[in-house]
Amino acid sequence: MNAGDYNEVMARKNEIMKKAVGIDYDQFRVNNLVFDYEEMMAKAGYQLDEIIDIQKDTGVGQTPLLELKNITEVARKLSPAGKGARIFLKDEAANPSGSYKARRASVSVYHAEKQGYPGVVAATSGNYGAAVASQAIMRNLETIIVQEVFDSDDKGQPEILEKGRKCEAYGSEVLQLSVGPELFYVFLKVLEETGYFNASLYTPFGIAGVETLGFEIINQLREREELEPDAIICTNAGGGNLTGTARGVIKAGAKETKIIGASVDLSGLHMASDKDFNRKSFTTGHTGFGIPFATWPDRADVPLNAARALRYMDRYVTVNQGEVFYMTEALAAIEGMERGPAGNTSLAAAFAIAREMDEDQVIVVQETEYTGAGKHPIPQLNFAMENGVEVKRGNPDEEVPGQSIIIPEEPGLIKARDLDLGKIRSSYLKKAINSSGIENIGDKELEFLAAEANLDIASVKKMIAEIDEIKVDFK
Amino acid sequence: MAKVKAGSWVEIYSVILEPGQRAPQVPEDTAKVPLELKVKGFLQSDAELGDEVEIETIIGRKYTGKLIDAEPSYDHSYGRPIPELLKVGRELKEILKGEGGNG
Ligand SMILES: Cc1ncc(COP(=O)(O)O)c(C=O)c1O
């Protein structure tokens, strides 16, 4: 690898990607703004029943769904009469690689094998690398993981170090980079050099692989409890977790279940900053990915992102780092389940939201992730303190990302803080319409934008008309 | 300098982009430092730390770079217990035993 050709490689991006993903995305485009999302999911991906079989083959999915009776009881003790929904948890840590990402990797790796690619590459610092590597072993393919790991002082987050180790445990070549979005350049070079498949997080394969998660939750609750959940809450970063789960819920025919996104609040920390890099105690499931991807999904490594969380979100909340560490501790201490912190983001939010809900209602936390050295509240908090972040008990409302982590003094202080979906929708509309260059909005544009923003046609039209920065005519 | 034997499992380092070559969108602090790469693999011939060497990765691909570590270790662990978390379980159990609320 040499430094000279950054611009040249970046200029070949589309060509490299087309070969490495094998999808001609242009066939789904109607014009500069509109594309047929459902057709893309149907044609480029696989059907749900095929995916269930693919996943059975490699031991993915069919994870246990547990009722968190003690955590539910604590929520009820802190709630007025009649309040405190039952909290269920889908134990995705039981997947072969220890997180729901095994679902996401399973279809990509299957497809890569079927298409005759000699190996797979993924750009990820996280659980996804381990998932791809694990699935690839089962299908006898080689894996290369490109990972952002250390800052300019050569220091790495314990959680990222652990995830790198896990990829190596599954026999993958791991390219470990310092901070910066030019990781993408290294990734492109690897794809070009190897001819391997890009097991992107954002293809129809990846997202369709997560549909089984939502589908299983609905069927497990129907069978066991003869009910459908009132809400499912998903830890949200790039949006694939939520999108896939929600699509699976719809495919299972559950119409009343609300889909809630939850992210750890890391506002104020810059994701590409060398200095901020090690001031974050969460490496995924946070607002640094969650908000940009919700407002503009097509910032991924493929031309059209199949993860489109805004289409499915009924509500989007944030929690603080200290609250998630608290709930991670609670899950171990009163439920007997030690699991990784990032997956517990939605658990922290569910605990707060359950207290708003009636006691006969059900909220499902749709994942856990594995835990271990580095990927655990103890090393994360020790690392935070070493990096000058203050850790104390108190009121989590006072936490300042990068400066403090406040472990709630008592569980009643845990909150799910609502993000304004109206604002996120309006940013999305601005970006989508203005970057398309479209000047006339007709029925097909409105229909597309309404689906993208999860609004009805009249509301989306009204919203567009009210945004000053959008200058379009309605046909 | 200690000799590292050919065939040892090692880690190498290289600079991918110098500070002046960083992407235009990176923040100032990141633009000031190089984009660096570390990879592990089997050393192809005897060398000393600091030498430019070639390695073969676990999947058989070759890279060259500066030899920075022989038998690189995994040092991430757990560390000291966190006093702020130690009592959380006990406090929650107290709440479970207590009266009040919708319980
Ligand atoms: C355990 C876990 N939960 C949730 C997420 C968030 O998924 P997404 O990026 O699709 O929103 C990730 C992704 O990094 C993850 O690894």
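In chain B of this predicted model, the mean position of the 14 positive charges lies 5 Å from that of the 18 negative charges, where Lys and Arg count as positive, Asp and Glu as negative, and His and the chain ends are not counted. Each charge is placed at NZ of Lys, CZ of Arg, CG of Asp or CD of Glu.

The elements of chain B follow the order β-β-α-β-β-β-β-α-α from the N terminus, which gives three helices and six strands (DSSP runs, H or I of at least four residues for helices and E of at least two for strands, numbered from the N terminus). Chain B is more spread out than a compact globule, because its radius of gyration, 24 Å, is well over the 13 Å that the globule rule gives for 103 residues; the radius is taken over C-alpha atoms, and the rule is 2.2 Å times the number of residues to the power 0.38. The C-alpha trace spans about 70 × 40 × 30 Å along its principal axes.

Of the 103 residues of chain B, 39% are buried, that is, under 20% relative accessible area with a 1.4 Å probe and protein chains only. Among contacts (heavy atoms within 4.5 Å) between residues at least 6 apart in sequence, 53% join residues at least 24 apart.

In chain A, helix H12 (residues 287-295) has buried residues that include A:Gly290, A:Phe293 and A:Ala294, and the buried residues of H12(A) pack against strand S8 (258-264), strand S9 (315-319) and helix H16 (421-436) of chain A.

Residues are numbered from 1 along each chain as its sequence is written, while chains are lettered from A and ligands numbered from 1 in the order in which they are written. Local features need pLDDT of at least 70 and side-chain atom pairs count only at pLDDT 80 or more, whereas totals for chains, interfaces and linings use all residues, and side-chain values use heavy atoms, with hydrogens and water left out.

Definitions and conventions
Buried < 20%, exposed > 50% of the residue type's maximum accessible area, 1.4 Å probe, protein only.
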